[in-house]
Amino acid sequence: MSQPITSGTAEPEFKITSILVPLIAIISGIFMVILDTTAMNVALSKLVIDFKTDLPTIQWTVTGYMLATAAVIPLAGWLSDRFGAKNVFLTSVVLFTVASVLCATPNSAELLIVFRILQGLGGGFVMPVAMAYVFRLSPPNKIGQVMGMLGVPILLAPAIGPILSGWLVEYHSWHWIFLINLPVGIFSFIFGLWKLPAVARKKVAGFDLPGMILGPIAFASLSYGITQGAESWTSDKTLWGIIIGAVALIAFIIVELKSKLPLLELRVFKSVDFSFGIFVQWVLQFCLFGAIFLLPQFLQQARGYGAFDTGMTLFPQALASAVMMPIGGYLFDKIGVRWLVVAGLSLVSGAIFQYSHVDLTTEGHDLILPLIMAGSGMGLMMMPLNSHLIKKAPHDLVSRVTSLTSAMQQVINSFAVATLVTILSSRVNSSIAAKNIPINSPADMQKAMLAVAPEAFGQTFHVMLIIAICGIFLGLFLRRDKTQPSEAVKQEVALEGLH
């Protein structure tokens, strides 16, 4: 028989093993979604040949997925409150898994695009719901450790994705990059159904219909417009995407601030600590995603590496991240987020500085040290900063806050890629013009780009270095949350964990 909780009773010591099985169910779901997202890029050239189509058409298998993900992320919090986080998480895993199997079956590019959009609808819910779920499973004084474990697949999957998919596409068939999701999805669903605690639903009196329409339009349009900016910031696709997204976002903010039942709780921005923390997260996200994106581009475009070789070269970064994630989580519970962000961005800055000196003789072994530095820095600070933001929000708004931060991260990631591609392209063109390299044919252009690539990549890395150093300075002003959770919150978390 259970004993009543009394104030005089000492709290039992928390052990990570007590929530290990539900944590495995959540981590496997996240790993599956992120792995598939990164694996798809490797298969594009093969899909062009198999479907006898062009690259812009096949590119919509990536763009359509991204837009579907950006559209549903804002809905994750409300759906979790209304139908329960367990139900939403398991449903999204099932939808993603079924869509993955469908993606392995089509005989036309158009059908594959439709199935990829279905995948995006399922995958978009997984991350925000999982983060809110894990936060609720964790005791208030152990949030960093548990969230640190959640962060392992977030940084490990992007490194494994190109290696696994490159091997499958080269030696087997592109169909397998989707079929491998089936056992992982079944595993995640069964373990989740068996062991995930049924977190209590929130009383949701109604739904914010205007917010449900404007939110997906705003974040999907902004993500699309900014992504197209990588090709041209003045193209119709870019301008219309950004204009529609900006207008929808402004309308969304106005509606949400006036609504009694907002889809995303924007009032959390009244907290100076939360607002400043999320700005630091944007800077951090730009540096991390930029480093993850830009170095592979150098290896593939300037050094001629294939996807498989690139993945193998970058693997030390993933291993370092996986090792440092739990350490960063443990330290977050002890010292807070400030010095983790400062130390993490310092390591990333040191790595970026070394990246800025790459040239056409750079080999994989030359990059081992900076890759380990970058991975260690990412592992130290990424999940602690996420945990810091969630702790700054009211406990009953956790699911809405994870949806909010995930939706904005989607836009920031698109902005980082588009900005860096723009800077890189500008540096390439200006370097070719400054050196008066004659361009009389596509072959001449290819040779010219290879000649100026190290300089162009180096200058782009210098821009990232400046942003990272600014992030270090901003990190010094992050404040540790010294408030203690109320007894009601402690009991709610304890009961959820013991469900």
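Predicted model: local features only at pLDDT ≥ 70, side-chain atom pairs only at ≥ 80, totals over all residues.

Modeller: The second largest cavity has a volume of about 30 Å³. A cavity here is a set of points on a 1 Å grid, laid over the protein atoms alone, where a 1.4 Å probe fits but cannot get out. Grid points are joined across faces, edges and corners, and the volume is the space filled by probe spheres set on the points. Rolling a probe the size of a water molecule over the atoms shows where empty space is left.

Residues are numbered from 1 along each chain as its sequence is written, and side-chain values use heavy atoms, with hydrogens and water left out.

A lining residue has an atom within 4 Å of a point. Gln281, Leu284, Gln285, Met382, Leu385, Asn386 and Gln409 meet that test for the second largest cavity. Helix H12 (272-302) and helix H15 (368-392) are the elements that give two or more residues to this lining. Helices are DSSP runs of H or I with at least four residues, strands are runs of E with at least two, and both are numbered from the N terminus. The lining of the second largest cavity splits into 3 nonpolar, 4 polar and no charged residues.

Gln409 sits in helix H16 (residues 398-434). Gln409 has a relative accessible area of 16%, so it is buried. Buried means under 20% relative accessible area, exposed over 50%, and partly exposed in between, with a 1.4 Å probe and protein chains only. Leaving out residues up to four places away in sequence, Gln409 touches Gln281, Gln285 and Asn386. Contact means heavy atoms within 4.5 Å.

Next, the nonpolar packing. A nonpolar core is a set of buried Ala, Val, Leu, Ile, Met, Phe, Trp, Tyr and Cys residues joined through side-chain atoms within 4.5 Å. The largest such core has 116 residues, and Ile26, Phe89 and Tyr355 touch the most other members. H12 gives the most to this core, with 14 residues. Beyond four places in sequence, Ile26 touches Phe89, Ala130, Tyr133, Val134, Leu137, Leu150 and Leu196. A second, separate core has 18 residues, including Ile58, Ala104, Val169 and Ile177.

Then the rings. The whole structure holds 12 aromatic pairs. Phe269 and Phe274 make one that is edge-to-face, with 5.5 Å centre to centre and 75 degrees between the planes. Rings of Phe, Tyr and Trp (its six-membered ring) pair if their centres lie within 6.5 Å; planes under 30 degrees apart count as stacked, over 60 as edge-to-face and the rest as tilted. Phe274 is buried, at 0% relative accessible area, whereas Phe269 is partly exposed, at 30%. The rings of Tyr355 and Phe461 have centres 5.5 Å apart and planes at 50 degrees, so that pair is tilted. Tyr355 lies in helix H14 (residues 338-355) and Phe461 in helix H17 (residues 442-475), so the pair ties together parts that are 106 residues apart in sequence. Tyr355 and Phe461 are buried. Elsewhere, ring pairs link Phe51, Trp174 and Phe178 into a cluster.

Thr310 is in helix H13 (residues 307-335). Thr310 is buried, with a relative accessible area of 4%. Setting aside neighbours within four places in sequence, its contacts are Pro296, Leu299, Gln300 and Tyr305. Leu319 is in helix H13 too. Leu319 is partly exposed, at 43%. Leu319 and Ala159 are 160 residues apart in sequence, but 9.0 Å apart in space, C-alpha to C-alpha.

Last, the chain as a whole. The chain has 18 helices and 0 strands. Of its 499 residues, 54% count as buried.

Note on methods. 1 Å grid on protein atoms, 1.4 Å probe; cavity = no way out; pocket = protein on both sides within 12 Å on 5 of 7 lines; lining within 4 Å. Nonpolar A, V, L, I, M, F, W, Y, C, P; charged D, E, K, R; others polar.
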